[in-house]
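Let's take a walk through this structure together, one piece at a time. Keep the view open and follow along.

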Amino acid sequence: MKETADARFSRRLAERLRLYFVMGSVNCRQDPVLTLEAAIRGGITAFQYREKGRGALTGDDREQLGVKLRELCRAHNVLFMVNDDVELALRLEADGVHVGQEDEAAAIVRRRMPAGILGVSAHDVLEAEEAVRCGADYLGVGPMYMTRTKPDIREVRGPGVIRDIRASGLSLPIVGIGGIEQGRAEAVVRAGADGVAVISAIAQAEEPRQAAERLLTECSPKFA
Ligand code: 3NM
């Protein structure tokens, strides 16, 4: 049977979401540009600019850092997403926007950025189904494990929630997020995720490049 255009888009997007690095300046041990450069050398396939939290850059500083990070991604064919800010995403000519359940409603973002990739955070089957109705192109499902990076996380559900979402019949690309460190990525992919999204496992690593390389190996399909 011939693959539909939607199915082809999803399959290609899933491949590009295998190792999804999320960060802003407050998450990094070193300079964010150097951190992203190292992560790209380590093989990340997607990046989300998430300039959030105490001490985060604002205004022009936020945008200028975004321009530098976008340039890096563009030069290396890494997907460039912006967290929760359609205006910034449009100004930065990002590939798309990622929104949480608490952020601007996904359906509104979809209307304001019809051609961009829309990622939505979901925590259970009902939220996943609602995100699909709102036009999500992929889901970020978490928290997989306990994390100290995001203070307002929901209950930790583990990779089983991805298995539940897949069992409900959802075929959209999924990345697991939350507390995914070395040694935890494979379980997330085995549960049905197409990739993993991480902040501290790369941004807080002494060697972000090596951290990314190891995670990429862990979440690359080596099982049938
Ligand atoms: N969203 P780390 S958990 C941004 O559960 C984010 O939706 C989550 O950081 C969710 O990789 C999370 O350092 C933080 O644990 C991920």
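**A guided tour**

UniProt lists residues 19-202 for "domain: Thiamine phosphate synthase/TenI", in an unreviewed entry. UniProt positions are given here in the numbering used for this text, feature names are shortened, and annotations may be inferred rather than shown by experiment. What you're looking at is a predicted model: local features need pLDDT of at least 70, side-chain atom pairs count only at pLDDT 80 or more, and totals for chains, interfaces and linings use all residues. Residues are numbered from 1 along each chain as its sequence is written.

Back to that span. The end C-alpha atoms of residues 19-202 lie 11 Å apart, and the span is 36% helix and 20% strand. Helices (H or I, at least four residues) and strands (E, at least two) are DSSP runs, numbered from the N terminus.

Now for the ligand. It is surrounded by 17 residues, and the closest are Gly 142, Thr 147, Thr 149, Gly 178 and Ser 200. Being near here means that a residue's C-beta atom, placed from the backbone, lies within 6 Å of the molecule or strand in question. What kinds of residues make up the shell around the ligand? Eight are nonpolar, eight are polar and one is charged.

Pro 143 sits in the loop between strand 6 (138-141) and helix 7 (160-167). Pro 143 is also touched by Gly 179, as are Met 144, Tyr 145, Met 146 and Thr 147, leaving out residues up to four places away in sequence. Touching, or being in contact, means that the C-beta atoms of two residues, placed from the backbone, lie within 7 Å. Gly 179 itself lies in the loop between strand 7 (174-177) and helix 8. Is Gly 179 buried or exposed? It's buried, because 22 other C-beta atoms lie within 10 Å. The cut-offs go like this: 20 or more other C-beta atoms within 10 Å of a residue's own make it buried, 12 or fewer make it exposed, and anything in between is partly exposed, with C-beta atoms placed from the backbone.

Next stop, the "binding site" that the unreviewed UniProt entry places at Asp 84 and Asp 103. They are spread over 20 residues of sequence, yet they cluster in space, with a largest C-alpha distance of 6.3 Å. Asp 84 is in the loop between strand 3 (79-83) and helix 4 (86-91), while Asp 103 is in the loop between strand 4 (96-99) and helix 5 (106-112). Asp 84 counts as partly exposed because it has 19 C-beta neighbours inside 10 Å; Asp 103 has 17, so it counts as partly exposed. Beyond its neighbours within four places in sequence, Asp 84 is in contact with His 98, Val 99, Gly 100, Asp 103 and Glu 104. Asp 84 also has a positive phi of about 55°, although it is not a glycine. Most residues other than glycine have a negative phi, and most peptide bonds are trans.

Let's head inside. The largest nonpolar core has 63 residues, and Phe 21, Phe 47, Val 188, Val 196 and Val 198 touch the most other members. Strand 1 gives the largest share of this core, five residues. A nonpolar core is a set of buried Ala, Val, Leu, Ile, Met, Phe, Trp, Tyr and Cys residues joined through C-beta atoms within 7 Å.

In helix 2 (32-41), the buried residues are Pro 32, Thr 35, Leu 36, Ala 39 and Ile 40. They cover an arc of only 135° around the axis, which puts them on the same side of helix 2. The arc is that of the directions from the helix axis to the C-beta atoms. In helix 10 (residues 208-218), Pro 208, Ala 211, Ala 212, Arg 214 and Leu 215 are buried. These fall within an arc of 165° seen down the axis, so they line one face of helix 10. That buried set packs against strand 1, helix 2, helix 8, strand 8 and helix 9.

Definitions and conventions
Nonpolar A, V, L, I, M, F, W, Y, C, P; charged D, E, K, R; others polar.
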